[in-house]
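Hello,

Here is the structure I promised to pass on. Have a look at it first, and then read my notes below.

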Amino acid sequence: MREENDNQSLHSLKKDWEQLESLASHERISLHAIQEQLLIQKQKQKKAFRKELCLFTLTALVILTIMATAILQIPALFIAIEVIGIIVAPISFIVFHYKRKKEMFL
Amino acid sequence: MKQKGGVTALEQDDFILVQKALQGDDDAFSLLFQRYHSFLYKYLLKLTLDEDLCSELCQEAMMKCYVNLSSYKNEAKFSTWMISIASRLYMDYLRKQKREKSSLQRIKQSLSHQLQWKAKYKGVEWSEMFSDFNELDSRFRIPVLLRHYYGYTYDEIAHMLNMRAGTVKSRVNKGVNILRKEWKE
């Protein structure tokens, strides 16, 4: 009985979904429109790559400068940075990994 | 047209187009996407209930498919792979919305004004279940839709949504149970 009711309700729901599909005003997308969007995306990707490369180089330079200064001027600070890095890096990786996994299951 | 091993001619053709697209043939990708665009659009429309948002997500899904085409393993149909990408994009969109609004504020899911107007103009009437379904949390809404409208198996949905088949089954059952309670009231 309960199953029959469920089937009936799900059947009406299916009908609603079909009605919703019939309301959609979208037309068949043209190949030209898709290709145009791909072209825009490629340009965007190129731009993003250049930006990322610049940022990466800049960050690497800053880090290298700090490390070189620390090694030459304050060796104790250099050792402290290394130790903190060894401890903090795996912890933050685990935390972010679990946070992401949890979000995906939500 | 089924062939030996249960692979249809269309699926075989899709595979050829994917191979061509992977070699840098954008025309092949365009053809492939054009083939399933309507399917993807209609799927997203049932989740978003808003044509503008639906088009936006469709476009995003296309770009994701294009960029990540190498990760398509041909284990499932291309359309299934597209739906899994679109579902994740939709969930990301909802997460972003939740963060932007308030974690306590529930996102209202109802037909956009444009669709409401169209439905009124065409004399379309919705069943009570429709609004109940649209008010369901996306955790239940997506698996219920994929199972009861598209007829995907629990394993297929699990693969699409990156979760265990048991979790999918319990979410589908819980979703239907919530709806059943609403229908009784």
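The helices α4(B) and α7(B) pack with their axes 11 Å apart, at an angle of about 160°. That angle makes α4(B) roughly antiparallel to α7(B); angles over 145 degrees count as roughly antiparallel, under 35 as roughly parallel, 65 to 115 as roughly perpendicular, and the rest as oblique. Axes here are lines fitted to C-alpha atoms, for helices over the stretch in contact, and angles run from 0 to 180 degrees between N-to-C directions. Helices are DSSP runs (H or I, at least four residues) and strands likewise (E, at least two), numbered from the N terminus.

On the α4(B) side, Ile83(B), Ser87(B), Tyr90(B), Met91(B) and Leu94(B) meet Ser138(B), Arg141(B), Ile142(B) and Leu146(B) of α7(B), where contact means heavy atoms within 4.5 Å. These residues divide into six nonpolar, two polar and one charged (Ala, Val, Leu, Ile, Met, Phe, Trp, Tyr, Cys and Pro count as nonpolar, Asp, Glu, Lys and Arg as charged, and the others, Gly among them, as polar).

A word on conventions: residues are numbered from 1 along each chain as its sequence is written, and chains are lettered from A and ligands numbered from 1 in the order in which they are written. As the model is predicted, local features need pLDDT of at least 70 and side-chain atom pairs count only at pLDDT 80 or more, while totals for chains, interfaces and linings use all residues; side-chain values use heavy atoms, with hydrogens and water left out.

Helix α4 (residues 78-100) of chain B also packs against helix α3 (residues 51-67) of chain B, at an angle of about 125° and with the axes 9 Å apart. That makes α3(B) oblique to α4(B), and their crossing is right-handed. Among the contact residues are Leu57(B) and Ala61(B) of α3(B) and Ile85(B) and Leu89(B) of α4(B). By class, this contact of α3(B) with α4(B) has eleven nonpolar, no polar and two charged residues.

What about the two chains together? Helix α2 (residues 31-73) of chain A and helix α2 (residues 26-48) of chain B have axes that come within 9 Å and cross at roughly 120°. They are therefore oblique to each other, and the crossing is right-handed. Residues in this contact include Leu38(A) and Lys42(A) of α2(A), and Phe29(B) and Phe33(B) of α2(B). The contact of α2(A) with α2(B) divides into six nonpolar, three polar and three charged residues.

Finally, the UniProt record: an unreviewed entry annotates residues 32-99 of chain B as "domain: RNA polymerase sigma-70 region". Positions are in the numbering used here, feature names are shortened, and annotations may be inferred rather than shown by experiment. Over residues 32-99 of chain B, the chain is 82% helix and 0% strand, with the end C-alpha atoms 35 Å apart.

Best wishes

Key:
A crossing is left-handed if the near helix is turned anticlockwise from the far one by less than a right angle, and right-handed if clockwise.
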